[in-house]
Each structure stands twice: as structure tokens, then as C-alpha cells.
Amino acid sequence: MSDPSAQHGAGSRPEGWAGSPRSEPERYDCVIVGGGPAGLSAALMLGRCRRRVLVCDTGEGRNRWAHAMHGFLTRDGTPPSELLRVSREQLGPYDTVELSERRIVDAARADGGFDLAAADGSRLRARRLLLATGVVDELPAVPGLPELYGRSVHHCPYCDGWEWRDQPVAVWGRGENGAGLAESLTIWTRDLLLCTDGTGDLTDESHQRLDALGVRVRLERIVRLEGSDGQLERIVFEQGAPEDRRALFFSAGQRQASELPGKLGCQFTHQGAVDTGKCEATDVPGLYVCGDASREAQFVIVAAAEGAEAGMAINQALLEEDLARLRTGTRSPAASASADRSRRSAG
Ligand SMILES: Cc1cc2nc3c(=O)[nH]c(=O)nc-3n(C[C@H](O)[C@H](O)[C@H](O)COP(=O)(O)OP(=O)(O)OC[C@H]3O[C@@H](n4cnc5c(N)ncnc54)[C@H](O)[C@@H]3O)c2cc1C
């Protein structure tokens with residue numbers, strides 16, 4: 001299967017982002033790894049709390065393949081890139097928030113905080129660490145599918161089902177997952193075709209359930225998807241006639257986009273999400289994980305809400321630490337660095 005990122009320029013420099021290798025470890029109140037909706041929302045909250053924050057992002061947001069984002073109140077139909085552009089723009093006035101395109105490749109707990117290493121060789125120190133690194137979807141190995149992904153091939157009916165209401169839709173999926181996805185899509189259309197792509201592992205009971213709902217089933221291996229300009233036109237099978245379809249939904253796996261949660265000792269749910277508690281805190285002291293990487297529903301609006309929650313909780317934890325330090329007459333390293341910078345810029 002070809003890598004869709006090859007066609008969409010994944011990892012290209014996000015516009016307007018700074019970032020240069022530094023030899024000395026820079027100190028931050030919080031480093032946020034991942035500048036998607038979750039990470040940027042946390043940055044906004046922490047910036048408003050005047051916290052010194054660095055957001056590191058490699059520009060590989062999960063929905064970068066999609067032409068439009070749905071289900072976000074006030075932003076329904078907005079291109080994902082536009083949401084990110086406006087989010088970065090609105091972080092502009094918050095002078096304690098820095099954006100960088102660095103990839104964080106390693107992290108370890110140190111001195112009550114975290115030491116981080118970036119791919120460009122720079123090192124960072126953070127009092128708190130927020131991972132908003134997202135997940136990566138596994139696409140079915142069907143020729144022609146990557147070219148249509150995000151336009152007429154989708155995985156989430158909540159995100160894209162409404163756009164294909166009452167139209168001829170295919171479902172790619174094996175076993176009960178495929179049957180379940182086909183059943184859930186009957187809300188949007190009754191013209192459904194389930195393709196098991198060469199695996200005949202549907203139970204008799206599933207066949208009966210699908211039959212009762214009017215869902216047709218094709219068991220043959222798919223040779224390719226055909227279409228143009230992102231629009232699916234037909235599915236070609238190894239045997240039998242091709243099928244004209246307008247859209248295809250698939251059920252496949254996903255994995256964490258970053259190894260950092262595992263390296264830092266996070267617990268995972270059996271679906272592979274980081275098992276977070278209240279306000280996205282993990283079992284690792286000082287470490288928070290929000291957005292798709294953590295265990296709640298995977299939507300942009302939820303990711304942004306989780307980022308805001310994590311930002312608030314991180315500020316609260318820092319505040320308690322700062323107040324305790326004030327009482328004992330010591331200052332936090334990031335606060336000292338920030339005060340030094342203010343003194344320098346004041347003249
Ligand atoms: C095709 C498609 C369409 C979708 N459509 C919708 C929709 O219509 N509506 C909806 O609500 N949701 C939709 N989603 C889901 C939505 O994309 C996610 O819920 C949302 O992007 C989660 O935000 P996030 O910030 O957690 O992660 P992401 O948006 O994936 O952002 C994570 C960021 O972390 C960065 N990163 C990862 N590791 C590192 C590292 N080590 N160092 C630096 N940076 C790193 C990545 O480059 C990326 O920019 C869709 C998903 C897909 C795949």
C-alpha cells in the first residue's frame with residue numbers, strides 16, 4: 001500500500017512556526033508535545049495563565065487527509081488546516097507560549113520534572129509534560145484507497161456519515177467489526193454493501209442480521225478502488241461484477257503516534273489508549289496525556305476540551321508548587337528563567 005503521507009506532504013513545516021536547535025537545555029513550566037487541537041487548546045489555557053510553554057509539533061495531525069471537519073459546533077465543515085491556522089494565530093498575543101516544529105524523541109523524569117530530547121539535538125527541561133501526540137490509523141491494504149482517503153473513504157460515520165446520507169455506500173471490514181460498522185451506517189443510508197475482502201469469517205447469525213437490514217455482502221478479495229479527484233466511483237473485485245459506490249467506510253486498527261507514553265511508563269487500556277484519570281492526569285507524576293492519545297471519544301471538539309482541562313490542571317499543580325516555594329523562599333527554575341528574560345528585555 002502506498003503511504004498517503006507521500007501524496008499529502010506530511011511533516012512539512014507548519015507555516016509561521018519557529019524553532020532552532022539550541023545547545024543549552026531551555027526550561028519551561030510545561031512542554032506540550034503535539035500541536036493538534038488538544039495541544040494547542042492546552043497551550044491557550046496555559047498561556048492565559050502566563051505559564052512559560054513550548055509546543056513541539058511535527059505537523060502530522062490525524063485528520064490532515066480530510067477536506068473538511070464535521071461535528072465541531074461553530075466550525076462544522078471547516079478544513080482541519082484552517083482550524084490549526086486560526087488556533088496558532090490566536091496564540092500570538094500570549095508571549096509566554098512558543099511554537100516549535102521540533103520532534104521530541106525522548107523523555108525521562110528528572111528532578112521532579114522532565115528532561116526531553118528533540119530530533120534536532122536540542123534538550124529541554126519541563127516542570128510538567130503534556131503529551132497530545134495523537135494516534136495513527138492503519139489503512140486497509142487496498143490499491144486506490146489512499147488516494148481517496150479523507151474525501152470519499154472514511155473510518156468514522158459520526159465525522160462523515162451525514163455527507164453520504166441515502167447514497168450507495170460500501171463498508172470494508174472483516175468479521176464482526178465490519179458487520180457492526182455496516183449496521184451502524186444504516187442510520188445514514190440503506191444502500192449498503194459490506195466487503196469482507198477475501199475473508200469469509202462472518203457468522204451465520206451476522207449474515208442473517210445483515211440480510212434483515214438489507215445490507216448486501218461481497219466476500220471476494222478487492223482488487224482496487226477506482227475514482228477520480230478523491231471521489232470513489234467503483235469497487236473492482238477479483239471475481240464477479242464491479243460495484244458502483246459513492247463512498248466507503250472502513251473498520252481497521254490504530255496505534256499511538258508516539259512511543260513517549262510507553263517510554264514514560266503510562267498505563268494503557270485494552271484498546272491501546274493511555275489510561276488517564278481526572279483532567280487527563282496519568283499515573284506518572286507530572287505527566288498528562290490528552291486528545292486522541294488518551295481514552296475518551298476521538299473528536300476534534302473532545303480533544304480541544306481535554307486540552308483545556310489538562311491546561312487548567314497543570315496550571316493548578318504549578319500554582320500549588322509555586323506557592324509552596326514562595327512560602328519556603330525558593331523560586332521555580334522556569335519562573336527564574338522567565339524573570340531573567342523579563343529583566344533583560346526591560347533593559
Ligand atoms: C480522515 C480523518 C477525518 C476525521 N474527521 C473528523 C471530523 O470530521 N470531526 C472530528 O471531530 N474528528 C475527526 N477526526 C478525528 C480527529 O482528527 C482527531 O480527533 C483529532 O485530530 C485529535 O486531535 P489531537 O490533538 O489529539 O491529535 P492530532 O490532531 O493527531 O495531533 C497530534 C499532533 O502531535 C504531533 N506529534 C506526534 N508525535 C510527536 C512528537 N514526538 N514530537 C512532536 N510532535 C508530535 C503530530 O505531528 C500531530 O500534529 C478525523 C480523523 C481522520 C483520520
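## Two hairpins

S12 and S13 form a hairpin with 2 residues between them, and Asp 229 in the turn has a positive phi of about 50°. The model is a predicted one, in which local features need pLDDT of at least 70, side-chain atom pairs count only at pLDDT 80 or more, and totals for chains, interfaces and linings use all residues. Residues are numbered from 1 along each chain as its sequence is written. Helices (H or I, at least four residues) and strands (E, at least two) are DSSP runs, numbered from the N terminus. Two strands pair if DSSP finds at least two bridges between them.

Strand S12 (residues 222-228) and strand S13 (residues 231-237) are antiparallel and share 6 bridges. In this pairing Ile 222 stands opposite Phe 237 of S13. S13 also forms a hairpin with S14, with 5 residues between them, and there Gly 240 in the turn has a positive phi of about 85°. Strand S14 (residues 243-244) runs antiparallel to S13 and is joined to it by 2 bridges. Arg 234 stands opposite Asp 244 in S14.

## A parallel sheet

An open sheet of 5 strands, paired in parallel, has the order S8-S15-S9-S10-S11. Its edge strands, S8 (153-154) and S11 (216-218), each pair on one side only. Strand S10 (residues 192-195) pairs with S11 over 3 bridges, and Leu 194 stands opposite Val 217 in S11. Strands of a sheet pair through backbone hydrogen bonds.

Helix H6 (residues 175-185) lies across S9 (169-172), S10 and S15 (247-250), and runs at about 155° to S9. Such angles run from 0 to 180 degrees between N-to-C directions, with axes as lines fitted to C-alpha atoms, for helices over the stretch in contact. Two residues are in contact if their C-beta atoms, placed from the backbone, lie within 7 Å.

Phe 249 is in strand S15. Is Phe 249 buried or exposed? Phe 249 counts as buried because it has 25 C-beta neighbours inside 10 Å. The cut-offs are 20 or more other C-beta atoms within 10 Å for buried and 12 or fewer for exposed, with partly exposed in between; C-beta atoms are placed from the backbone. Not counting residues up to four places away in sequence, Phe 249 touches several residues, including Val 169, Val 171, Leu 181 and Leu 185. Phe 249 and His 155 are 94 residues apart in sequence, yet 5.1 Å apart from C-alpha to C-alpha.

Ala 303 is found in helix H9 and counts as buried, because 30 C-beta neighbours lie inside 10 Å. Leaving aside neighbours within four places in sequence, Ala 303 contacts Gly 36, Pro 37, Ala 38, Gly 291 and Asp 292. Ala 303 and Pro 37 are 266 residues apart in sequence and 6.0 Å apart in space, C-alpha to C-alpha.

## The whole chain

The protein chain has 10 helices and 17 strands. Of its 347 residues, 41% are buried. Among contacts between residues at least 6 apart in sequence, 61% join residues at least 24 apart.
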